[in-house]
Every structure is written in C-alpha cells, then in structure tokens.
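Visitor: I would like to learn how to read contacts between chains. Could you walk me through them?

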Amino acid sequence: MTAPGATAHGRDGRWVGAALTRKEDRRLLQGRGRFVGDMTRAGMLHAAFVRSPLPAACVTSIDASAVAGSPGVAAVFTAASLGDPYLLATLDRDEFVPTPMPLLAGDQVRFAGEPVAVVLADDAYLAEDATELVAVDWALGRAVAGLAAAEARDAPQVHPGTSGNCLVDLLMFDDDRLGEIFAGAAVVVGGEFTSARLAAMPLEGRACLAEWDDRDGQLVLHVSTQVPHQVRSGVAQALGIPERTVRVVAPDVGGGFGLKCVVGREEVVVAAAALRLRRPVRWAEDRRENLSASFHGHEQRHRVRAAFDREGRILGLDAEIDCDVGAYSAYPFTCAVEPLMAASELPGIYKVPAYRARGRGIATHKAPTAPYRGVSRPQIVLVMERLMEKAARALGLGPLEVRRQNMIGPGEFPYTGVNLISYDEGSYRESLDLAERRVAEQGWAAERDRLRAEGLAAGIGYACFSERTAYGTPTMSLRRMRMTPGYDTASVRMDPTGEVTVTTGTCAHGQGHETTFAQIVADRLGVHPDQVRLRQGDTDLASYGWGTFASRSVVIGGGAAARAAEQVADQLRTAAAHLLEASAADVELRDGAARIRGDTDAAIPLAEIARVVHFQTHTLPEQVRYGLEARASYDPPGTFSNACHAALVGVDPGTGQVRLLRYLVVEDCGVVINPLIVDGQVLGGVTQGVAAALYERICYDAEGQPVSTTLMDYLVPTAAEMCPVEVIHLETPSASSESGAKGMGEGGMIGAPGCVLNAVNDALSGTGASFDHIPVLPAEVCAALAAGATEEGRVTGR
Amino acid sequence: MKGEGEAGGVTDKHQVQLRVNGTEHELLVEARRTLADMLRHDLGYTGTNVGCEHGICGACTVRLDGAPVRSCLVFGVQADGAEVRTVEGLADGDELSDLQQAFRDHHALQCGFCTPGFLMLAEAYFAERGLAPHASPDKPPPGAGEEPTEAEIRELVASNLCRCTGYQGIVEAMLATARSRYAVGRS
Amino acid sequence: MGVRLKPASFAYHRAGSVPEAIALLAELGDEAKVLAGGLSLVPMMNFRLARPTALVDVTRIPGLSYLRADGPGLRIGALTTHRAIETTTDPAVLAGFGVLPRAARWIGHYPIRARGTFGGSIAHADPASEWCLLALLLGAQIVLHGPGGQRVVPAEEFLQGYYTTDAAPDEMITEVWFPRPAGRAVLHEFAQRQGDFAIVAAAVQADIADGAIRSARVVVGGVGPLPVRIDTAGAVGQPATSQTWRALGELAAAQVDPPSDTHGSGEYRKRLTTTLVSRALAQAAGE
C-alpha cells in the first residue's frame, strides 16, 4: 500500500475514490485528541468499582462504613442505595430468556469481576485505595465455566428458570430431506469446530464522564462509545428518566471493535452517581477490568456436517451452533446476536440446497458478550472453508475447485439462499480466480516447497467469503429486537460563507468519517472537502441515529448525508438559476461555483449564493429563502461485500511456532470512497483475524476464575507477528447504496482465521493431524508434527 | 529543590522541577503518582495516552532525558531535574514534523490513541541512531551507520501495540522518514 | 479478584551514592525496595501485588554503569542497561563476551532495553531470564554492598528460586563479574511473540577441538524455580555433529521436569528444551 497524500482534484475531478489524507490526523498527531480520560471538570470525582473476586456467589453483606472517613472520598453506592437499577435487553421471541443486568450486582454475582459497589473520590488513586476498605461478605456458589459444564445435568443455573443454562434456543432452519440426503451422499464431512473467547482490546478502554447540566436540565455524558443514542436509551431506561433529559456525546474514541456498541453498566452507574451527587464523575476502565470484567466475544462451538456428491457439490448442511455467552445479555443486542447470526448466515457464498441450523446461547459464570468485530462470521467462514477442504480431500478433488462448484456464480445474482437471505452482486469467483493467479505469480508454492526442503513445515491456505453490511430496519427487524436498528439520518447545512456542516447519527472511532463523508458531500455540492465539516457522536444532532457498527456507516450514514446534500444542491441550483437567469436544469455545481453548462462565463460562487440566501433573502424566490439546509434518512436493504484471502505460513517443527510469511487479500467493497481508509480497515481486520487464529484467547480456569487478565497473558500481535499484506481491489458497485459503496469494516477479521487455519492444516498435511479450532497454539502444532505421519493423529471429520 | 516527604502513608509528597518540551514546570506530587498521570492530569499534557498501565502497550511512551520510557512505569518524582519530551513538542507550531506528515501520508493512524506513543518511540530511536530531525549541517550525524531497513523498522514498531492499523502504515511511515533523514544526513 | 491498577502509597527516597542507598535500606527496613529500571517492580506495584512501604531510587547513582575488562574477565556495573550491552562496540567485550550483546537482543523490545538494567535482572531472579542463565553458565560472581561491607557471591548461590536471591533487604547489587571469557557461548530462547518472556531458554558453552567436544556446559531456564544445569559429562569426546547436538538436546529434556502453566505444559517445555539446547549447541559450534 503506498499513499502519497491528497490529489488536488480527486479522481476525474471527483472526491469519491481519492486517496485523500484524513482530516482527523492533524490534531491526533499533535496530541490534541480529546478522549474521555483527557477531560476534566471542576469538582470532578473519580469512580472506582468494587468487584467480585468470585464467579458465582451470594452477597450476604456489604459494609462500606470504613470508606466514609477515607481521604478524598465523597460517596459510596451499592445496588440498593441506587434503587436497584438495571439494563434489560429483549427480543420478541419465545425462545429467548431475558436476563436483566443490574447496574451493580445486588445479592447475586454471576462472574468474577462483576461490580457490586462504586466509590467516588477526589482522585483515581484515592478511589482505588477506598475500594479496598469496602468489606463484602460472600457465600461461594458453584460456577459453570464452559459449555460442557453449563450443559451438564445438575449444573447450577446462572439464571433461575433456565434449563441447561440456555438463554436462547432457536431451530432457525430445518429440512426433513436431510436424513435421506446424508444417507445417500457420496461423502459426508464434518466436525466440531471451536473458537476461543476473545477480547476486542481497543487501546482505549471504556470511559465515561457524567455531569448534570442545570441550565439545559440534562444529564450530559461524554462516553467512549460507538453508539451514543443507544447509550442514551439505556441510561434513560435504567434510571427511569426521559431520553430528552440525557445527552450523550462521544468525543474522540480510541477504538471500539464492538466492545463499545453495547451499553456498559459502569457507564450508567457513573451517570446515576453524577445525578445523585450533582457533581461531575469520571470513570476510565483500566486494562485489567477491560480484559476480565468487560465484554468478550466469539466463544463458539459448531457441530456441523455437510453432504457432498461425487462432483463436489454440496447437497445438505446441518449445524448445531452453541455460543458461550457469559452471564448476561448485553443491551441492546442481547446474547442471541452471535448464535442467531451464525445460524442465519452459515451457508454464506455457497449454494446449499437443504439446510438445518439450530443456534443456542448458553450462559456461564463469565463476563457477558458483546458483538466483537465479525460477529460469528469469522466462525462460520472457518467452518465452511474447513468443510470445503475436507470434502476436497475426501473426494480427491482440488479444494479451490470444490469452492468454485458451490459458489454463487456470475449471472446468478441476486441469489436468495436457503437461509432466506438475498445476496446481491458480488465477485466471489473473480476474487478467488485473481487470488489464485496472484499466488501463482508470486511463487508461493515454490516458496512452500523450499521451506519444506529446509526441514520446516509450510502451508498455503485460502478463505472465500462475503460480508453482510449496511442493512437497514426491515432486515434488522427479523432479529425481533425490541429496539430495531438500521436507518440513519443526516443533515447538511451551508453557512453564509459557503462552508458546509454535515451531521450524522453514525459515530466514527477510527474509520475516518470526517474525511469520507466530506468526500461524499463535496462531490454533491461541488465544494472542496476542506470546506465540509462533519459533526457526529452527539445525541443532540439527531432525533435518533444508530452509531457505527456492523459495517454500516459509509453506506447508511454516508447515504443519508448524500441525500441531504443532494437536496441542498437542488436549493443551490434553484437559487443560482434565479441569480443567473437560467434554468435550474442547466446549472451544475463544480469547483465551488454554480455554472451554466456550456457557458464558461456564467458562474456564481457558492459562497455568494449562500450570502444572498442568508443576508438578502428577500431578493430570492420563496422556495430558496431563509437557509440552505436539508435533512434526510436512509434505510437500505443491505449489501454484501466479498473477499478471498490467501496465506502462506512457515512452521518450525522444533517449537511449533507458526510464522505468517505471505498474506493476500483480494477484496470487493463496491465503489471505494477512500482507498487509504479501505486498505487500513482490511489490514487492521486481518491482524485481528490472525490474532484469533494463532495468539489470542481469554481463558478461565475450571472454577470460573479469569486467567487472562493482563497483556502478558492475552497475546495481542505486534508488528513482528505480521508480514506485509497485499490488498487488491475489485469493484462491483452496489445497486442498493447511494454511492455504490458497500460496507467492509469487518472483512479482514472475517476471512483471516479460516484462511490461516487452512494454511496451518496444509502445513500439517502428511502428519495425519488436522485442527478445527482456533487459536492453534505452538504446543499442539509441535506435538502434531512430532507425532508425524506414522500416527493416526487427530483427524476430524468422517 | 527537593522536598522532604513524610515517610510512608498518603502524604509523601515531593517537589518536582522538570522541563517538558522546553517549558519549565514546578509542582508538588505524591510519590506514587506515575509520570503518565503527572503529565496528563497535573500538567495538562493530555496528548500522551494510557493503554495498559503495566508497560506492555507502549501508548504512554515519552522521552526522559532523551531515552524512551513507558511513563506508566516511571514515577513523576523520578523526573525531577529532567528533560521530558512528549508528542505535543513534535510539531513546529501548526506545522507537522516530517514524521507526523509521513504518518498522515501512509495512513499510520486510525483512532489515534496509540499514535503519540509510536511517534515518541520513533524519535527516541532515531535520535540514538543519528537520525534526529534537525541534524546540524556542519557535522555528520553520529552513528548513522547503514541505510534503515524494513526489518529494522518493523522490529522497532513491534515495541508498541496498535489495534486499528495492522502496523503496515506505521512501518511505512517510520521507514520513509528514517530513509529520508538518512539521505539528508549523507548529503 | 484484584483489579487494582494504581499503586498503593509508599515513601520515595533518592540515593546519590551506594553508601547512601544502603543506609536508607537499612533504616527503612524489610519492606523497602530498590528502584532501578522499574520494569519488573512497577507493574507489580501498579497491580498492587507488590506494596513496598518505601522505594530507594538508585538510578542516579554515578559510576554504576560500565562494561570494564578486567584481565580475562568482564565487570558489568549494576545500572548498565541492556541496550548499552546490546550496542557496545568495546572490542574487549565483543572478543571475549560476544554472547552478551547477542543475548541482549532477546530482552523485550528497544524501549525496555533502554531502561532495564543488568543488576535489576539479576536481582529479579526470573529463572528464565537471559542474564540469570548466562550468569550461571559462565560462573559469574555477584558483587553486593551492604552495611557490613562488600560481599561477593557466586551466581549459583545467589539465585535461590523463583524471584528469590541471597541478597539481604539492606544490600544492593553493585556489579556482576564474569571472571573468565565466555568462549563459544550461545543463548537461545522461545516465546510465542517476539520479545516476550521466554517459555524456555537455553544457554550453552561448547569447547570443541579437532571436531570433538572437549567440554560442554548447558543451563536451561523456564523449567522450574531455578535454571537447571544439565549433566553433560557424557558429551566429552563426542563428535561435533548435528546428531550429537540432537542427542544432547534430548539428554537435557530427560533431565528436566518442568511444571505446567498457561504459557506451556511440562511436556511442551521438554520439547522446547530439546530444540533450544540442540540449536544453541549447533550455533556455538558453528562460531
């Protein structure tokens, strides 16, 4: 990826498509980023939480009397003293068991790290000192710390009234032909595919600064969040106050990756404390809290079988998907988001004629889960890509051929799958073909052979997949969430000097929307992106907006902004037509002026139009008086981007270490708004996916104690673990988005785990061993290679 | 001027005098207050961010008497009499340094939280390597040695964590800056 | 569950000299600790797993950062940073003790090496750490100063277990002395990510003449509370070939009984022992 700065006039005079350097960068590079932890207020108190050391316990008493005299302490709150507030996420489904999440645990704690009290003090050090003085008596209970333990007979139930700790159990698809299909198939492959619990690990943890604004009669919360309006709704719900009395502002946010697209309890506790004390309160999550007592994701077990015919065509697919979702549903997505998305999207890019899928969310005495980047797609892609490899092996066919046999092909779009999802035009075949060609061009196979000759193990792996993005309310409504996300709104306004302000309900936390939205709007209005300012992350800007997650923002937020900008463009053209005495149809907006098409002399600067509209408005026709602004919403059906990943890994038999040597992404996200930003999202996502494949896992011991509580245990990859990644773009414009763009923020994370796992398995071919789980760790790779070709090894599948 | 603190307990405070980006400061701090917290909250240099408080992520990297340090592992009192450099001191007014501009050109930041740590890490390393930004024209930069390589820079970048970028832009930005300064030093 | 991440209170003292440091340590008692680079101590304090009542900051004591040839041996000042060793151009160090600058590269990352100290590592006594292994391999002597004067302790007596040494609370390490040249010595270690603490590490020294082993010393760390000195008597006279290195690797694995933890099982650590010892010996022979 090379990136020499901005071009002066975009691509063909348009800003969409230009590798414009980001507007955000200047202040961030100068250390002028404003994160919640940077913000202070007069009289501000710092919050620190008292947390349960036990995964399952009754709180028999809390005695905070020793804290009262502690230096600098202003207050202590428990659940009871706050009135037992809670967050409640619900689905309108009988198969779902709602689990209210108390802001502070009352008499039951359900995971180690669950907060039971909060101390407010003059500084963070004193607050932490004071937490040690809160005396809590616990009655230890039995904990279930994994799926097997949770499902066992006589297992303690994390929540009363459940059976097998099941919080959601939905047979989403069924087909009574499957029995016959499997019985008569040439080959049946399958296995148990598992992925470890992960932590999103943004460099900035969660944080909240809450204060009561007397003049506006509002609780104002500055929150490190991806979803300001949803935080507002959660706070309003939990504290029983109207939403208009809460304002949530996201300042600069140091990464989210889904951790911050749910509402955390601590943020709401801080809000409640500020409301009570009528003093500003700030909390910044520390890294231990972030790794052990926050939200996790991706801990899934897929028991899947697939039937294939002799030619390698898939005939049927049967899946039991179980997700270890921890102790509570997170607001508002609920714990059902992972199992139901997995069951819904498993077939992916492949044409599956008969399908059965059951998705379950199982509660355990561990931290709750939030939709971490990829949300089940990394898992389902891993499953399908492993199945393709196993089928190929069983049938003696090339694994890429088996994929091609089954992929939705050119000419077959839009394709409605057996899972009732409509896949719009993509380049599944083309991206695989191009990846295969590029891998050959670059001589990966020869490199693999050379490494093998040197005594290393080496392997090449692929993963092909699509990424569902930017889906609006109708599609989201199928989830049956009480709060249905999807649409978004934007406004565009031109000020008297011709400068433009865009507001959006989306909320960037690294995705560069200040730049990409400016590019989109600049094209519509004929201005330079430097003249367009984006305001985002503030609930006062829009009645409702859904924030940034699920790869939605550029399409939905950008689409709404484009529509609003188009309306303002119409206003400008109409005003210009009047001022230039022409027809509006002949006016075009370009390079900061309104011009008559074909007449180079007839032009009027947009700034001049703006001046007249605001300061000489009486001289204009009624319909373009008083201002240049518009508001618009956008609610698209959704669109799929796609990619093919390929990886070459080298494996050291003596240590089992897997080194990433080459990585290729051929991706298609439709029209690219800004190639720099798209590449950046791919690279960051791939790195997180490689991390999931080889390095990261959040471990709990059998008693439910978290083990991975520091960065010495949770191994986030550094630059040394990554090789340079090549990214090639195809462009299949989306027919269902304003700009032709598709979302793509999660693709890197979706494809990389399956791709790397396939590469590792290719490296192990010949040993008889293969792995169907991530992360694959050096110890087991070492053991598998040592066992060698003479042993049966752990072959999975039939 | 060093103050005597009371032994033990919450009240062990010390007078600290230091220069941050060339500006003199004097303040009274508790012994246990980390340099990171002292810079951010007592002196208002909030550019440096805190990512882990156990010395792994490197987001809090500043320069203490030239050397790179994880300011979460240094106590403020230890900076008494020292010269501290933070991200706020890199730009010349509103003009970005060559390194900062390279970060921009190569999309080496997304959320920006880890960025100040990487910038200070790079400048500390470059200074040791003889690639300080304003080499004096009359003497060759000491220890300029060999042309900076991708492998060398990637190993340097491995010192700190970034979750957004996948590191590639950061490696490219630092390498471009190192090479360009090396070329200037050689000419 | 401890979720603290701010240190508890302590009294801070800065020593301007070794006698001052010792006097402070003696006065402040057992719960006072020496603060050097702080890279091991301060994270523990931030987690509140370590709660010293006082710290004696020795980082500004002059004259404790040096690499000084002394006859055939080498003396390293306690405050010498890993980076200073890594980047030394001193021909005496490179000639007789090249293993030290090379081994320094395994330690963390550049900013860690720029602040962490040799003496700090020895005092911390992590049985998988590079300097502890090399101190044992090369028969280093630890020089301590205390109220009773100077004391010199062989490394194998000084290191007593996980994070445990022979140093009294009122003593500080001032120097580590390597009396003899390192010869053909190599340190090799493995961690999943570059720069992490070693899961297993092997330090070896081989004396080879006429294609055969005259003597071989092997020390393995990460396999118990102390590095293990492998009995290599059987290696004498063996040919200096890859089969021999492999056999010695397996011999070493057979002599260790590593515990299991989240970073590696006992069985895996044995495998790593075989790999690292044989590779280190091959490298030492190839020098």
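Guide: Gladly! A salt bridge is a side-chain nitrogen of Lys or Arg within 4 Å of a carboxyl oxygen of Asp or Glu. Here the side chains of B:R32 and A:D129 form one, at 2.5 Å from N to O. This is a predicted model, where local features need pLDDT of at least 70 and side-chain atom pairs count only at pLDDT 80 or more, while totals for chains, interfaces and linings use all residues. Residues are numbered from 1 along each chain as its sequence is written, chains are lettered from A and ligands numbered from 1 in the order in which they are written, and side-chain values use heavy atoms, leaving out hydrogens and water.

Visitor: How many salt bridges does the rule find across the interface of chain A and chain B?

Guide: The rule finds 4 there.

Visitor: And what area is buried between chain A and chain B?

Guide: The size of an interface is often given as the accessible area lost when the parts come together. Buried area is that loss for two parts (1.4 Å probe), summed over both. For chains A and B the value is about 4,600 Å², with 56% from carbon and sulfur atoms. A:L29, A:Y125 and A:L203 supply 19% of what chain A buries against chain B, more than any other three residues.

Visitor: How many residues of chain A are in contact with chain B?

Guide: Contact means heavy atoms within 4.5 Å. By that rule, 60 residues of chain A touch 52 residues of chain B.
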